[in-house]
Amino acid sequence: MSNENSLFVCMTPLQMKIAERIICEKKIIDYKVICLFLAKSEKYVYYFDKIKKNSRDSFFYYPKEKAKGISLLKDVYVYKRQLLKSEILVNVKNVYAASIDNRYVQLIASTLKNTNFYTFDDGLANLNYKGSYHKDEILSKMKLFLWGIIGVNFFAQNFRRKSKTHYSLYKNKKNIIDKVEYISLFDAVYQKKCNSDAEVNIFLGQPIHEVNKKADDDYVNAIIEKFNIDTYFPHPRESYSINNKIEVISSDLIFEDYVLKFYSDNLNIKKINIFTFFSTAILNLENLDFVQCYAIYDISYFDMGIYENFKNFNIEIISMESFSK
């Protein structure tokens with residue numbers, strides 16, 4: 001593999017973090033980065049600034065929110081014009097991408113010729129074997145025609161067939177292709193000496209109202225009370241009103257980096273207990289000795305299928321039904 005003229009295409013802060021790790025571990029010096037900002041968030045800015053610092057060129061774009069149909073076609077076309085004007089796709093030999101089912105990402109792959117393709121994880125989505133990353137996308141003749149006019153003719157199945165290597169955070173797990181190389185999300189983590197047995201309970205939030213509208217403020221506050229939560233790390237897309245007098249974290253860091261920093265900064269903390277529903281982040285932290293992860297399952301709110309992947313990791317699933325007895 002040549003490390004020259006590489007392009008990393010990212011859609012989330014976690015993807016930018018993983019891309020950074022690939023660049024570091026594979027000693028890639030000559031690279032460019034394209035980022036699609038899905039939200040106006042300081043986390044995006046923070047991780048984009050980090051990855052672009054040593055890049056040869058960088059480009060970012062805000063996709064039109066919730067665009068579908070003709071609206072999506074138009075926005076991808078606008079994106080294409082800006083992309084070509086920037087000339088960031090000139091002399092690209094290697095493309096690294098995670099969101100292989102995304103039209104903005106597919107446009108880049110469709111535009112480039114004689115290019116090597118590599119893929120990397122988008123978190124839990126890569127382990128959802130019934131999801132879009134593992135399926136061939138079947139489009140009607142009309143949709144193929146319309147996307148072809150825009151310039152999109154490279155889809156998820158093309159990425160899987162063309163990808164030379166897939167870089168994953170998850171050891172010994174089936175992924176979108178057979179050739180998988182493990183990438184560590186962190187450098188070696190220093191295990192500090194701690195004379196205290198102090199523990200902290202952190203609740204990692206999620207926009208669960210998008211999965212079940214019954215999951216309102218009262219429900220989230222009840223969860224926080226049940227598990228004696230000390231600190232709450234909200235998801236960017238949630239806006240719950242927290243009644244409990246607990247610390248609500250506002251940070252530019254993704255949760256994984258925040259946990260490591262919190263552990264390093266708090267010398268008296270020996271163990272961090274993380275409670276969440278089905279956040280990918282706990283899969284990325286469960287192998288740390290000082291972290292214990294818990295996935296909260298409520299039979300009346302969520303489908304157990306969402307939790308299937310957690311069974312293959314060292315993560316305890318707490319059933320609210322059994323907890324309440």
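This is a predicted model: local features need pLDDT of at least 70, side-chain atom pairs count only at pLDDT 80 or more; totals for chains, interfaces and linings use all residues.
How far apart are the side chains of Arg 237 and Glu 210 in their polar contact? The answer is in the first view.

View 1. Residues are numbered from 1 along each chain as its sequence is written, and side-chain values use heavy atoms, with hydrogens and water left out. Arg 237 sits in the loop between strand S9 (231-233) and strand S10 (247-248); strands here are DSSP runs (E, at least two residues), and helices are runs of H or I of at least four, numbered from the N terminus. The side chains of Arg 237 and Glu 210 meet in a polar contact of 3.1 Å (N or O atoms within 3.5 Å, one able to donate a hydrogen and the other to accept it; residues adjacent in sequence count only if both atoms are side-chain atoms). Arg 237 also touches Pro 207 and His 209 (heavy atoms within 4.5 Å).

**View 2. The open sheet.** Seven strands line up as S3-S2-S1-S4-S5-S6-S7, with parallel pairing (at least two DSSP bridges between two strands). Strand S3 (57-61) and strand S7 (180-182) are the edges, each pairing on one side only.

**View 3. S6 against S7.** Strand S6 (residues 163-168) runs parallel to S7 over three bridges. Here His 166 stands opposite Val 180 in S7.

**View 4. A helix across two strands.** Helix H2 (residues 42-52) lies across S2 and S3, at about 170 degrees to S2 (axes are lines fitted to C-alpha atoms, for helices over the stretch in contact, with angles from 0 to 180 degrees between N-to-C directions).

How values were computed
Lists of a residue's contacts leave out its neighbours within four places in sequence.
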